[in-house]
There are 2 protein chains.
Amino acid sequence: MAEAEYWLQHLQSNGFRPTAPRKAVVEIITSSRRVLNPMEVFDLARVHYPKLGLVTVYRTIEKLEKLGLLQRVHLPTGCQGYVAAYDRHQHLLICQKCGSVEYFGGDQETLENLLTDVEKKSGYRVREHWLQLFGECADCRELS
Amino acid sequence: MAEAEYWLQHLQSNGFRPTAPRKAVVEIITSSRRVLNPMEVFDLARVHYPKLGLVTVYRTIEKLEKLGLLQRVHLPTGCQGYVAAYDRHQHLLICQKCGSVEYFGGDQETLENLLTDVEKKSGYRVREHWLQLFGECADCRELS
DNA sequence: TTTTATGCAAAGTATTTGCACGGGA
DNA sequence: TCCCGTGCAAATACTTTGCATAAAA
């Protein structure tokens, strides 16, 4: 639970109190390999902290996102999913079977070449990019 | 308005009637260079067809999306935007100033190399991908 | 003791559904 | 005439806000 500890310290050093409800939310999110939406976080965190309110989940997610700890993820099925942000970019690799999410570094140079190429052809100045890949993770491929 | 005609024929050949409300919706969407959400489509289409109801906009969008004519676009600001689908992929180039959207072909080989590289490193089997670029279009760059 | 955080309830917002009427085939 | 499509109203789902109480500093 080291990651959760770190998040709580991060909250604290930004003037937010590391309370029990926030701890419950943070622990669920940091220990999940999947994208979770607010209701899922609520249901999971409530097991450990039954008094938790859904509103607190929303408010905690909002703060974590602003601090850059949490990243919102857009999926074909919905856009209120969140995962721990290990990168500023949405360079995600999402398993369509088990829902697990991971970041990939990829070949930075290849991607930059692609962006430069598009800039030349289109006349755009590219400032940001989202790249998300969907497929089957190694574990799910083994099982099938 | 050739594109709108084509969409209406497409609707018709799939058993849906080319009615006046649908025509109003289709004309707005096919003539827009920007991503539009259902309410924007409603407001714009209503100018030409005042009796239009918002529900019909939702239902028409749903049909157009299923037929593959319309594609839902996820943006940082929201996920209920739609643009004409000229490609199965979300290879979009979006202007952060004027909101205009275009598709880019890019260098297919470069992208495929990138995906293959990620597959090797991660053990994933990649089935789909989304690539969206955000920046400034040529017109907006000129103006600034 | 002071200030922030919480949970409930209520208010907004966005989207979908039920249904009687209207219009295309 | 028949059936699909429409718009209204109501229902539903999701998210935010107001406020009195509770908990942290």
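I began with Trp130(B), which is buried at a relative accessible area of 7% (buried means under 20%, exposed over 50%, partly exposed in between, with a 1.4 Å probe and protein chains only). I note that this is a predicted model, in which local features need pLDDT of at least 70, side-chain atom pairs count only at pLDDT 80 or more, and totals for chains, interfaces and linings use all residues. Residues are numbered from 1 along each chain as its sequence is written, chains are lettered from A and ligands numbered from 1 in the order written, and side-chain values use heavy atoms without hydrogens or water.

I then looked up aromatic pairs (Phe, Tyr and Trp rings, the six-membered one for Trp, with centres within 6.5 Å; planes under 30 degrees apart are stacked, over 60 edge-to-face, the rest tilted). Phe134(B) is buried at 3%. Phe134(A) and Trp130(B) are also edge-to-face, at 5.2 Å and 70°.

Finally, I examined strand E3(B), residues 90-95, and found 6 of its 6 residues buried. E3(B) pairs in the parallel sense with E5(B) over 6 bridges (pairing requires at least two DSSP bridges), and Cys95(B) stands opposite Gly135(B). With E4(B), E3(B) pairs in the antiparallel sense over 3 bridges.

Key
Helix = DSSP H or I, 4+ residues; strand = E, 2+ residues; numbered from the N terminus.
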